[in-house]
Amino acid sequence: MLSSTLVTLFLLSLGRADASSKSTPSNADPFPYDPGFDIEAVAATAKALPSHSWEFGTATEALLELYNSSYSVFGSATFPVPFLVPQGVPSLAYAADVIVLGTGANGSSDGDGAVGDPASLGVGAVMLGKTNESFTGGAYEEFAYITGQAPRWYNGAISQRTDVPELWADWMYMAPPFLAYYAVDTYNVSLLRSVVDQCGLYRQALKSNLTTDVPYDGLWEHIVGPQSADFGLWGTGNGWASAGMTRVLATVMNAPDSVTHGWKDQAVNNLTLWIEEIVHGAMGAPMVDGLLRNYLNDTSGDGLGFGDISSSSLIASVAYRMAVLQPRTFGSSYIQWAEGIRTTLGGNDSAGNPHVTSNGTVTPAVNPLDWFDTTPYTAGSPEGNNFVVLMYTAWRDCIIAGVCSQS
């Protein structure tokens, strides 16, 4: 399989002399607009905070969208995957430093028993593999384990855990975007279709069983399985799921017709519906101080319903992205809701403390290692800070696309 991948790489390179010259186009100014807070400080802190595989993967994606957005799945030069000099691309230089090549589930990093977390670095590995074939091997290891060896839920959904079948909403941002990107890069039609199917299977298992008259109908539960079951409507889990499907959607929309011929429209329609369900549900959830709650519907006073910048900023980023990708579905009401989140982050919390501190730490966040922690996390959430970067890049690109307003 490795040799065939390299052959594919060679064949693709024949038709793209400009790309294979190893150019490194970047955003001339990644910070052209003022979101109401110091986004440069937020981005610097977001890059410095990660220490776990999924955090590294999220930061890699945030850096790509921030500095080289044209080569992200939301850009205009996504495929064929370009040949880029890692030292000239902040995202790839970062990924090259944090990826630890291994085998199986740990092909890109030590996942500590997680199937999806190391795969969050998979897009970076594929891009790095264009100039360093060892990363191609790491990407293949991830692909082969996830699709061929990982446990599966009763409906066929791929597990987030290596030891038992267990579905986590978090998985949606880690594995599907990588697998979709890998599928297009290797012209694997069946794999790309199966990624869309996996999104549907996860929705089947995790979408909450609420009636349509509940304003937050459409939201997902966090985890189903024998070890860590959490049937609550965790805000960040819904962010992971909707943002992951948004990346898959953008990948499908950017893929060559030869990979998506005959089924693209249905995939786009399904993904758009599934994403809209979550974002609309979040918009209908009871907020606190202008933010989504850690557990989106929790107004019980048990401590789990505090305002959270992580879920708020990530789902706002989805609203901005989808306003560009699917404007007929994601109209002005979605943009206005996201603008409310962005504006809130530029102000102070109920105690008078700035949501964005002088060193770029964004607060309050859910504890990134304990979603049941009732104390809002203020030390700096690696994923939370990177979610704010993703929100900014989505807002910036929405302005550039002429869909959003700078004011």
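# Worked exercises on a predicted fold

Pro80 has its place in the loop between α3 (53-67) and α4 (90-98); here helices (H or I, at least four residues) and strands (E, at least two) are DSSP runs, numbered from the N terminus. Residues are numbered from 1 along each chain as its sequence is written, and side-chain values use heavy atoms, with hydrogens and water left out. This is a predicted model, in which local features need pLDDT of at least 70 and side-chain atom pairs count only at pLDDT 80 or more, while totals for chains, interfaces and linings use all residues.

## Exercise 1: Backbone exceptions

Find the cis peptide bonds at Pro80 and Pro364, then look at the phi angles of Tyr187 and Asp289.

Step 1. Phe79 and Pro80 are joined by a cis peptide bond with omega of about -5°. The bond from Thr363 to Pro364 is also cis, its omega near -5°, and Pro364 is found in the loop between α13 (332-345) and α14.

Step 2. Tyr187 is not a glycine, yet it has a positive phi of about 55°. Its place is in the loop between α7 and α8. Asp289, also a residue other than glycine, has a positive phi near 55° and sits in the loop between α11 (264-284) and α12 (309-325).

Step 3. Now check the surroundings, using relative accessible area: buried means under 20%, exposed over 50%, and partly exposed in between (1.4 Å probe, protein chains only). Tyr187 has 40% relative accessibility and therefore counts as partly exposed. Asp289, at 51%, counts as exposed.

## Exercise 2: Aromatic pairs

Step 1. Searching the whole structure gives 18 aromatic pairs. One of them is Tyr33 with Trp395, an edge-to-face pair at 6.1 Å centre to centre and 70° between the planes. Tyr33 counts as buried at 19% relative accessibility, and Trp395 counts as buried at 0%.

Step 2. Compare that with Trp171 and Tyr202, a stacked pair at 4.5 Å centre to centre and 5° between the planes.

Step 3. Widen the view: ring pairs link Phe31, Tyr33, Tyr67, Tyr392 and Trp395 into a cluster.

## Exercise 3: Charges over rings

Which rings have Arg247 and Arg321 over them?

Step 1. A charge sits over a ring if NZ of Lys or CZ of Arg is within 6 Å of the ring centre and within 35 degrees of the ring normal.

Step 2. Arg247 lies over the face of Tyr173, 4.6 Å from the ring centre. The charged end of Arg321 sits over the ring of Phe74, at 4.2 Å from its centre.

## Exercise 4: The disulfide

Step 1. The structure holds one disulfide, a term for a pair of cysteine sulfur atoms within 2.5 Å.

Step 2. Cys398 is buried, with a relative accessible area of 0%, and Cys404 is buried at 8%.

## Exercise 5: The overall picture

How many helices and strands are in the protein, and what share of its residues is buried?

Step 1. The protein has 14 helices and two strands.

Step 2. Of its 407 residues, 62% are buried.

Step 3. Along the principal axes, the C-alpha atoms fill a box of roughly 60 × 50 × 40 Å.

Notes
Phe/Tyr/Trp six-rings, centres within 6.5 Å; stacked < 30°, edge-to-face > 60°.
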